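Biologist: Could we go through the model below together, one question at a time?

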Amino acid sequence: MTITAAPTTTTTTTYSLPGVDWLSVQVQGDGGTLTIGDTHVSAHVTAPADGAPARLEADPGDVTLGGLSAALGAGSADPLSALPSPLASYLSGVSITSVAVTFDTEAARITEFDLKLVGTKGFALVPGSVEVDDLAVTFSVSNAGGSVAFAVTGAATLSGSPVALAVTHDESDSYAVSLTSAGAPVPGSPTVTAIVGGELTSHLPAELAHADFGLSVATATFRKATVDTLDVILSTGSPLALPDPVALTVDRISAHVTVSHPTDPAVRSISVSLEGDTTFAGAAIEARLEASASSGAEPQWTLTGGLADGAVLTASAVAQTCGATLPSQLPDLTLSELSVEAVLGEGTLTIKAASATEWTVPVGPDGIGVGHLAVTFTRHAPDADGHTFGGSISGTVHLAGVDVPVAYTVPGGLSLSATIPQVAPFAMLRDLCGDTAVGALALPPELLALGLTDVALSIDVTQQEASFAAGGPGFKRVQAVVRKATTWGFALGIELDDTYEFSSLSPALGGLDSVHLPGALIVISSFDDATFSFDELQPVAGKGVSRGALVDGRLDLSGLGADTFLGESHLDVSAHLGTSLSDVSLEASVADVHITDGVVLKDAEFELVPDPENISIQVSGAVDVTLDSSPLEFIGGVKVVPNGISFFATMKGTWQDPFGAKGIALTDVSLEIGSDFEGVPSIGIAGGLAIGAFSGHAAVSFNSELPTQSVLIVAFNHLSLLDVVETFCPASVTAGIPKEVSGTLAGVSLEDVDLYVVPQDTSIGKLTYKQGLRVGGTLQVAGFTVQGMVEIDPADGVAASGSLSPVHIADVFSLTGADPQEGPTLDLEVNTTSVPTIAIAGQVTMLGLAGSAHVNLSDAGFDFGCKGQVFGLFDADVTAKGGKLESGDGFLVHADMHQSFLTDLARRAERLCSRPAPTPPHRSLPHSMRSTRRRPTCSD
């Protein structure tokens, strides 16, 4: 057919599409010419208006795609390249029924054009499977980004039902041709069977084997000239009812059927998945069913699903739907990211979800926040316990500086559990029960720094308790419990290995490394509870805890010296741990202990001090002993070292006349006895002592093998001299004291006194004590302070000696020692053979006289005499007396000058008279006196 072009106008504009050389438009006014291949067609041009571009439509007549493809120039787009080979072959001979071109008059180019073709016979999309009739195809051709694009769409009929067609070309050799039902699915099982094949029913759940499916979409994917896969979407109005315990009904089911290599029976395969809608616990669920690969006759079907948009589901609703309830302490968790899964045939429904609901567990002063909540529930056939519902609620808590995953297992009491590889226990306890509960115990830093491994944490929300069990280096098992009484507190128990080295906890406990302490247990508690027990540490832990830190164990006494002493191989011991582990000692109660012949320690208490340098053992109690023929009861104990013992005690009662010291009574005495296991060679005593009305403190070193080689040292703050005389001396001594000195002697006292009782000369270490009874200290005598010593003779009396400070009374009188910087000496005697004396000897300076003097003291005061030169000129005998020597009160001095005094006076006068008298200056005297002055003469 030949078509004559329109007459040429004076102005002609040509429009084309880049990349397409086989189509163009020439426009002259409102008319134009379409050129397609070698054909020119005149047509009306619709001018652009209201935003719409210019447009030209024309019928090209007998032009075919095959003809255009054959006449392509170099670089021009081929319309048949947009089609798979079978469809391209079918359409290449079909004439183009219409061409519609839109073009931009300003840019002078075609923006898009459509080619429409209508087939006159059926087309086998998939040979032997899918064939369509009434095929109409539209090519939409455009150029975007410099490349030509073909969009191929169309319409057809499939089994008499209208379908839409679309062709996509994603890869160079891959094409997809889709047929989509234009309205309702293409009905009829024969159609489905023809398309998919008769084996479809074997790939469906049994409940859908006889369902009436209709076709919604069929997509054939071509690679090169062959159909690679056929994807078909089928739909049915038949619901899928899943029986208990899944108990779900899936509506609006669609089946996605994939047939691989549908035209090759040798490798042909088919897979089916199902989608639909269901409702669970009142929430809309989008469900999907898939069959797992199975080598058996029937595949295993699994239903999965998630919340539909806008649907809301809670954990309590899930539990209620499953015939269960959740603990009231659990908040109603709103679920998100829901996943529903049911295995058909097995009868199990699983729900998994997350929740952003805030949850604070009521454990600890501020509670424990649980975040990142996740829920897993299952509904299943009754188990051995008859349960049909189970699962878990998990989350994360922040404890001891780490995020700890915890989980609650349903059903059961609301308890969260977790496993932690390693943790600092006291950091966790601070988080669980507060800083105060841990800090108030003032635990040693070595304990606070402990680390544990393989920690199993449990938080009982119902009981509002937390606990954890763990292991650790040198630990058999560890358990801790956190609970609330009046306040939040904890108890922690650590069972130690039998070979545990305490030095790994602290060097201060290194002494315990050398002892065997099987069954040792450390218990640290912030509360008292006699009924408390560690479930994980039985039977070692027993019942009851006390506030503080305690170590319990069964001590092996062998090698410590205590097994021989106590007659026991093992002993149950305990130790309280304070702020410093260097103060730790192991203690226990034991029965009566035999110390040596006649000495038994009653109701004894055991103590081991683990000094790393020298382990020692003490056993304390009550013991009856005989000292110096005095039967005494002591409350004390025995200190045991590896090769010996020493006994120490405090005496109950009074020890009269120790070592025969008449008048002395020892009270509240502390006793110490040293021993190797062959004897009792030494005793040490310290206690109170009474002399008359005065009391002090005494210390005794006592040698039991030679009792006379002992020293009694007594300390007093104050003691009267006459009390000493009356206590230690015969009555005749005090009776013989004259009246004139009795008052002075009564005023003599001793301050800061040490009283020594030495039966015979004794040396203790580098100290030597002479035999006798003596008192040393500061004497107060007639107002003077004397540093001295009192010797006591129980048969005769006392004698005291000492030194005073120098005595000075203005510039008139002084009494010193031979050295003016030292003081005079005191001598005091009170005995049965002479008159008591109190005298001070020293050097006197008075009236210019300096000489030795002997000062006697009495109730009347003092008196003394001395010889010397008065004023350094006259020989004289001087006597003095007075009331108080230290003040000069009533001081009276009498001096007898010798004859040499007058002789000396005359000699001095003669020398004076023989001297010429000096004449003073006249101006120094008044004029009226000058004539009256005269020189004296000897006759005057």
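Modeller: Helices (H or I, at least four residues) and strands (E, at least two) are taken as DSSP runs and numbered from the N terminus, and two strands are said to pair if DSSP finds at least two bridges between them. This is a predicted model, in which local features need pLDDT of at least 70 and side-chain atom pairs count only at pLDDT 80 or more, whereas totals for chains, interfaces and linings use all residues. Residues are numbered from 1 along each chain as its sequence is written, and side-chain values use heavy atoms, with hydrogens and water left out.

Biologist: How many bridges pair strand β24 with strand β25, and in which sense do they run?

Modeller: Strand β24 covers residues 389-399 and strand β25 covers residues 402-410. One of the bridges sets Gly-395 against Val-406 of β25. The pairing is antiparallel, and the number of bridges is nine.

Biologist: Which residue in the hairpin of β25 and β26 takes a positive phi?

Modeller: Strand β26 (residues 415-423) runs antiparallel to β25 and is joined to it by two bridges, with Ala-407 standing opposite Ser-417 of β26. Four residues lie between the strands of this hairpin, and the positive phi, near 130 degrees, belongs to Gly-412.

Biologist: Is the peptide bond from Val-410 to Pro-411 cis or trans?

Modeller: Most residues other than glycine have a negative phi, and most peptide bonds are trans. Pro-411 is placed in the loop between β25 and β26. With omega near 0 degrees, the bond from Val-410 to Pro-411 is cis.

Biologist: What is the relative accessibility of Glu-337?

Modeller: Glu-337, in strand β20 (residues 335-343), has a positive phi near 50 degrees although it is a residue other than glycine. On the scale used here, buried means under 20% relative accessible area, exposed over 50%, and partly exposed in between, with a 1.4 Å probe and protein chains only. Glu-337 counts as exposed because its relative accessibility is 69%.

Biologist: Is Asp-454 buried or exposed?

Modeller: Asp-454 is placed in strand β27 (residues 452-460), and its phi, near 50 degrees, is likewise positive in a residue other than glycine. Because its relative accessible area is 56%, Asp-454 is exposed.

Biologist: With which side chain does the side chain of Gln-26 make a polar contact of 3.3 Å?

Modeller: Gln-26 is in strand β2 (residues 20-28) and counts as buried because its relative accessibility is 16%. A polar contact is a pair of N or O atoms within 3.5 Å; within protein, one must be able to donate a hydrogen and the other to accept it, and residues adjacent in sequence count only if both atoms are side-chain atoms. The side chains of Gln-26 and Ser-24 are joined by such a contact at 3.2 Å. The partner at 3.3 Å is the side chain of Thr-35.

Biologist: What arc do the buried residues of α5 cover around the axis?

Modeller: The buried residues of helix α5 (residues 425-433) are Pro-425, Phe-426, Met-428, Leu-429, Leu-432 and Cys-433. They lie on the same side of α5 because their arc around the axis is only 150 degrees, the arc being that of the directions from the helix axis to the C-beta atoms. An α-helix has 3.6 residues a turn, so residues three or four places apart point the same way. The arc for α5 is 150 degrees.

Biologist: How many of the eight residues of helix α9 are buried?

Modeller: Helix α9 covers residues 721-728 and is largely enclosed by the rest of the structure. Among its buried residues are Leu-721, Val-724 and Phe-728. Helix α9 counts as largely enclosed because, of its eight residues, the number buried is seven.
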